[in-house]
Amino acid sequence: MERTLSIIKPDAVSKNLTGTINSRFEQAGLRIVAQKRLQLSIKQAEEFYEVHKERTFYDSLCEFMSSGPIIAQVLCGEDAVAKNREIMGVTNPANAEIGTIRRDFGESIERNAVHGSDSSATAKIEVDFFFNRLEIIE
Ligand code: ADP
Ligand code: MG
């Protein structure tokens with residue numbers, strides 16, 4: 001069993017899509033083993049996306065990610081990292097496969113509904129950013 005960090009981003013939360021998106025995870029066999037609703041400060045968003053700080057979209061991304069409530073969650077299952085990336089679809093909703101979360105609910109390459117860790121090592125760091133071990137119940 002593997003864990004991955006998922007975020008339902010402010011665009012999707014504001015459209016009341018939390019349950020709809022969660023059902024995609026559960027239908028695919030992933031378990032939501034931790035979940036919380038919170039709003040990041042700009043500083044916290046900058047820390048979370050630190051790896052992207054040289055990218056042109058960094059400031060705009062951090063502003064967007066702190067603009068409203070998000071749902072941070074830990075998904076658990078076999079190959080959870082890769083499976084979640086598949087369910088999410090590629091970064092740009094316009095290029096994502098039909099039936100993926102980003103294709104169905106994303107608005108733009110920035111406002112693309114969900115975040116998912118890109119490797120098991122990243123997942124560990126990202127899960128620890130949001131949750132302590134008492135909050136994750138498998
Ligand atoms: P992913 O979320 O698919 O792993 P990245 O890690 O490359 O994609 O980028 C992180 C987030 O930054 C994306 O999910 C998206 O919200 C935003 N982003 C990525 N590329 C762009 C871009 N070219 N313009 C605006 N925002 C972008
Ligand atoms: Mg990424």
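An oxygen atom of ligand 1 comes to 2.6 Å from an N or O atom in the side chain of T91. On its own, ligand 1 would expose 530 Å², and the protein buries 79% of that. Keep in mind that this is a predicted model. The rest of this briefing goes through the ligand site, then the salt bridges.

**Where ligand 1 sits**

- The largest pocket is the space that ligand 1 takes up.
- Around ligand 1 you'll find K9, H52, F57, L61, R85, T91, R102, I109, E110 and N112.

**Oxygen contacts to side chains**

- K9 has a side-chain N or O atom 2.9 Å from an oxygen atom of ligand 1.
- For R85, a side-chain N or O atom likewise lies 2.9 Å from an oxygen atom of ligand 1.
- T91, the residue we opened with, has its side-chain N or O atom at 2.6 Å from a ligand 1 oxygen.

**Salt bridges**

- Searching the whole structure turns up seven salt bridges.
- One of them joins the side chains of K15 and E107, with 3.0 Å from N to O.
- K15 sits in the loop between α1 (10–14) and α2 (18–27), while E107 is in the loop between α6 (101–105) and β4 (114–116), so this pair ties together parts that lie 92 residues apart in sequence.

Key:
Residues numbered from 1 in each chain as written. Chains lettered and ligands numbered in written order. Predicted model: local features only at pLDDT ≥ 70, side-chain atom pairs only at ≥ 80, totals over all residues. Heavy atoms only, no water. Near = heavy atom within 4 Å. Polar contact = N/O pair within 3.5 Å; in protein donor to acceptor, adjacent residues only side chain to side chain. Areas by Shrake-Rupley, 256 points an atom, 1.4 Å probe, with all protein chains shown as cover. 1 Å grid on protein atoms, 1.4 Å probe; cavity = no way out; pocket = protein on both sides within 12 Å on 5 of 7 lines; lining within 4 Å. Sits in = over half its atoms within 2 Å of the grid points. Salt bridge = Lys/Arg side-chain N within 4 Å of Asp/Glu carboxyl O. Helix = DSSP H or I, 4+ residues; strand = E, 2+ residues; numbered from the N terminus.
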